[in-house]
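Reader: Could you walk me through the terms used for this structure and show what stands behind each of them?
Author: Gladly; here is the structure.

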Amino acid sequence: MSVGRAYIKPLTESLLAILIGALIGAIVLWASGYSAVDAYKALIVGALGSVDGIAETLSKSTPLILTALTFAIGARTGLFNIGAEGTVYFGAIAAVAVTQYLQNPIAGMLGGILIGALWALPVAALKVYRGVHEVISTIMFNWIAVYIVGWLALDVFYNPKDPNSTLSIPQSARLHLLIPNTSLSWAFIVSVITAVIIFVIMWHTKLGYELRTSGQNPTAAKYGGINPKIAAIWSFVLGGMTAGLAGAVQVMGVPPGYAITQGLANVSGYGFDGIGVSLVGRNHPLGIILAGILFGMLNAGATQMQQTGVPLEMVKIIEGIIIVAVAVPGLADLFKNLFRRGSK
Amino acid sequence: MNESMIVGLLLGSLAAMVPIVLTSVGAVVSERAGVVNIGYEGILMLSAFFGTIIAEIAHSGWIGILGGAFVGMLIGAIHGVLTVYLKGDHVIPGIGINLLGYGAVAFGIRAYWGTAGQHQVPNYAQIKPLWMDAFGNSLSPMVIITFIVTILVWWMLFKTPLGLRIRSVGENPEAADALGINVELYRFGAVLFASALAGAAGAYLSVDWLGTVTKQIAAGRGFIALANMVFSGWNPLVALLGGFLFGFFDNLAIWIQNNPWMAGTVPWQFIATLPYVVTLVVVAGIIGRARPPKWDGKPYKRE
């Protein structure tokens with residue numbers, strides 16, 4: 001099979017899943033008494049109809065690409081790492097904390113990456129030494145992160161002038177805007193570069209080879225001299241790094257606040273949405289960039305759609321259906337057969 | 001600490017135990033039959049929402065619980081078709097269902113009741129408590145039902161031929177198949193049963209325990225139930241104990257937070273992490289002894 005063809009099937013399947021999501025979403029809209037045409041039109045115009053809209057789409061896709069990488073690294077290693085959500089909170093608070101002392105963007109991002117790696121260690125240790133399934137531990141750690149970061153934001157790094165947010169990232173540590181007066185900053189470039197780095201690590205280094213082998217065939221990996229425990233630790237740590245970075249750039253690169261808002265509102269949900277992005281992007285960094293932009297589009301367009309009266313959460317329904325559709329095995333073949341039968 | 005506080009803590013733990021235990025017990029049956037499902041969070045959400053609508057239409061909380069179970073079963077059927085019959089991945093559909101659940105409930109509260117984020121369940125659609133004291137501590141009939149269901153499921157799984165067959169398709173589907181057991185049918189049935197219990201648990205959240213539908217009503221209980229299932233070693237009776245322990249620490253955390261002598265010593269957020277930390281410690285301590293069914297999460301294709 002040529003390289004091109006290897007990409008065509010997953011691409012068709014993801015596109016079909018998106019189509020199914022849009023169709024069932026339209027039925028839900030219709031059944032709830034809304035106009036699907038108006039809603040979708042507003043969604044698309046809002047996300048792509050202007051420079052502002054496109055900037056917003058790319059800005060919204062930024063944290064999703066990074067958290068999707070967390071899940072993808074885990075999935076490729078045969079692990080089900082859904083701990084990005086809590087790690088994002090920690091990355092964000094670390095960026096706020098570090099940049100108060102070291103006022104430059106590199107320090108802030110490194111702070112996020114470092115705390116992401118550290119927060120992954122207990123999950124890795126529980127998995128490797130006690131056999132605790134990562135789904136259980138990451139979910140518990142996500143809840144623990146909600147409260148601990150919530151406390152840090154409320155009682156330690158609070159903004160004395162604004163009770164609704166933490167201290168702001170200092171001017172000199174912010175990521176510059178790519179287009180003035182929009183929300184699109186260097187953060188997006190950082191996320192794309194990170195995806196490319198993860199692609200190189202996973203497909204063009206010895207470490208990546210070891211991770212993927214222990215994911216695909218643990219028995220073969222063992223006989224090949226790969227230590228599955230070390231592979232698992234690396235997988236969690238690498239994943240933690242990208243999720244921590246997601247939190248950091250989410251506060252360092254998004255105007256106007258450059259701070260964590262009350263109830264962690266502006267850093268919540270990205271870890272979970274990233275799982276969907278990774279699945280639609282077929283757990284591949286390049287697919288993730290595309291899927292991240294798609295989900296960014298849905299989130300950016302949702303605000304405009306809301307003005308037609310449709311609740312914002314409609315996009316979550318569409319995303320959920322897309323993921324269930326992605327789970328249909330051999331979706332492309334299924335459709336091909338239907339089409340063949342139909343044309344006979 | 002006086003008597004009513006202890007009674008409150010105990011009854012609060014029992015009330016918090018119900019959704020976790022019902023969901024865990026269902027999950028035990030599903031995984032004993034070899035099907036993993038991580039979509040219980042979404043099922044809890046959706047059945048809390050639709051269960052309330054059904055209860056309001058029927059003017060009965062009990063019909064709401066049954067309706068919730070039915071809605072759970074419908075969602076379970078999707079998961080069952082994908083995993084059992086189409087041999088798909090066992091984990092991905094659950095992620096979709098969870099996302100769908102969060103989206104649909106937030107969307108639905110606004111679309112159906114026209115309120116933002118929260119809907120109060122009217123009295124006529126709620127389940128009446130069996131007993132209530134002057135301080136508002138109450139005991140729901142669902143607590144009793146949870147005990148009965150758990151014991152019945154344990155008895156069914158370990159003491160009846162039906163249970164033996166369910167366990168055999170999760171442990172060694174090839175042998176079960178050779179003995180003429182319809183592996184797919186038993187697996188599909190187990191998924192439906194598990195989702196129905198989770199559905200009843202979801203409706204319990206809204207039409208009984210909390211008396212309200214909110215955007216975040218499941219609050220992670222679907223996942224805690226999975227942790228509890230692992231803790232139980234796939235045994236319903238132990239899941240009952242685990243569910244009670246979680247409920248107890250959950251209530252204890254709230255109780256400590258509200259106590260004046262605690263204010264200022266430890267931030268309340270640290271206390272709030274208690275149930276999650278305890279779950280982790282317990283799961284970390286218990287594992288090694290617990291072993292999942294051999295074919296758990298693996299599709300079975302006839303050779």
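**Terms and values**

Reader: What share of the 303 residues in chain B is buried?
Author: Buried residues make up 53% of chain B; a residue is buried if 20 or more other C-beta atoms, placed from the backbone, lie within 10 Å of its own, exposed if 12 or fewer, and partly exposed in between. This is a predicted model, in which local features need pLDDT of at least 70 and side-chain atom pairs count only at pLDDT 80 or more, while totals for chains, interfaces and linings use all residues. Residues are numbered from 1 along each chain as its sequence is written, with chains lettered from A and ligands numbered from 1 in the order in which they are written.

Reader: How many helices and strands does chain B have?
Author: Chain B has 12 helices and 4 strands, counted as DSSP runs from the N terminus (helices: H or I, at least four residues; strands: E, at least two).

Reader: Which residues of helix 7 of chain A are buried?
Author: Among them are Phe188(A), Val190(A), Ile198(A) and Met202(A).

Reader: What makes these residues line one face of helix 7 of chain A?
Author: The arc uses directions from the helix axis to the C-beta atoms. The buried residues of helix 7 of chain A fall within 155 degrees, so they line one face. The face turned away from that buried side carries the exposed Ile193(A), Val200(A) and His204(A).
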